[in-house]
Amino acid sequence: MSPEQPAETAGRSLFSLQRRERLMEELRAHGAITVRDIAAKMGVSELTIRRDVNILADEGLVSRVHGGATLPSPLDRSASGRTAQHSYSIGMVVPSLDYYWPQVISGARAEAEEQNLRIVVRGSAYDAADNRRHVQALLDTQNIDGLIVAPDMGGAHGPELLRWLNALPIPVVLAERRAPAEIPAHRLEWVATDHAFGAGMAVRHLWQEGHRRIGCLTDSTSPTSPHVVRGWHQALAALKIPLEGSVHEDSAGQENGARASHFDHVLELCAKTGTTAMLVHSDTQAVAFEQHCVDRGMAVPGDMAIVGYDDEVAYLAEPAISAVRPPKQYVGKVAVQLMAARLAEGRLRPVHRIELNPDLILRESSIGAPRVPAPGVLQHSL
């Protein structure tokens, strides 16, 4: 510190550097951040984090996106003097920058670097109107040649959004989405995880551990849950487990005190039906469900075995939760590969629609045979 530099000013500079180092650590760990979440985590204002992001972006260390930042491809760092000509620019609109999608973005960026493509990311919401607004902003301002998007397909506006995407004059690849059969979308390509296959793997694992009644807890607001439920149904049928009497509950909108009551209801159904294992989507919900079981005096996995879905935070639980892990980075990677091939070959290339298989990561929450409870034990724990 020079004699002319006040200690207070030097301290502020040090704190700024520490914040930006922490911000870069978060980006390296997750591939993307949101201003809101980082500000809350660091205990500073969102304006302060935006300023830090702007400084890092000017240095070519991050790429600004709506509501946050991502790690840039080295080819994008024109501000640091490493300018390169990209063959094409691809817009990417995802519904979240803080759960699931950072790894998809990371895979897309890595492949774009290999293919000499520019990726422009925008974080949207699980809302068709918001998805369309962000896509339109890319079309209006970024001169993009193709689009990778994870649109919301539910509600009144979902089908309309798909038809609009299908009619765009540039190629569109859906990520972790499939157009339903009732909507003509002959030009849309996609890459998606086979979530039904993943759910089936989880059910078969629980069956092999000795469980004969296996329930399913999902969130109907998630685009993934219908595929998880389908895979659960198919696996029950293949294993000759009657669907009638099997526990299937929807956790959509259950928060705070309502969630505790909801989980109590689920455990009551499990006690009545002899259900000793649950497949839970997502694994944040699986963690909450496991904690509730433990709070009610149940042993996991002895009284209730649990497999989560997504494998974002399942390993943090106690005991650690087994989880189906979609190949998130490969979803992004393959989406860019599809786009690069489409841009290179044009309309002569057949439409490609690709499914990727997930993995099942086994941890303590589902290993071992169920402990047969004495009559009334589960009911008493409630």
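**Salt bridges in a predicted model**

Biologist: Are Glu189 and Arg342 buried or exposed?

Modeller: The model is a predicted one. A residue counts as buried when its relative accessible area is under 20%. For both Glu189 and Arg342, the state is buried.

Biologist: How far apart are the closest N and O atoms of Glu189 and Arg342?

Modeller: Glu189 belongs to strand E8 (residues 189–193) and Arg342 to helix H11 (residues 328–345). Their pairing links distant parts of the chain, 153 residues apart. A salt bridge requires the nitrogen to lie within 4 Å of the oxygen. In the salt bridge of Glu189 with Arg342, the closest N and O atoms are separated by 3.0 Å.

Biologist: Which residue meets Arg325 in a salt bridge?

Modeller: Arg325 lies in strand E13 (residues 322–325), and its partner is in the loop between strand E12 (305–309) and E13, so the pair ties together parts that are 14 residues apart in sequence. The N to O distance is 2.7 Å.

Biologist: Which residues are linked with Asp52 in a network of salt bridges?

Modeller: The side chain of Asp52 meets that of Arg19 in a salt bridge of 2.7 Å, N to O. Asp52 lies in helix H3 (residues 46–58) and Arg19 in helix H1 (residues 7–30), so this pair ties together parts that are 33 residues apart in sequence. Both Asp52 and Arg19 are buried. The residues linked with Asp52 in the network are Arg19 and Arg20.

Conventions
Residues are numbered from 1 along each chain as its sequence is written. This is a predicted model: local features need pLDDT of at least 70, side-chain atom pairs count only at pLDDT 80 or more; totals for chains, interfaces and linings use all residues. Side-chain values use heavy atoms; hydrogens and water are left out. Helices (H or I, at least four residues) and strands (E, at least two) are DSSP runs, numbered from the N terminus. Buried means under 20% relative accessible area, exposed over 50%, partly exposed in between (1.4 Å probe, protein chains only).
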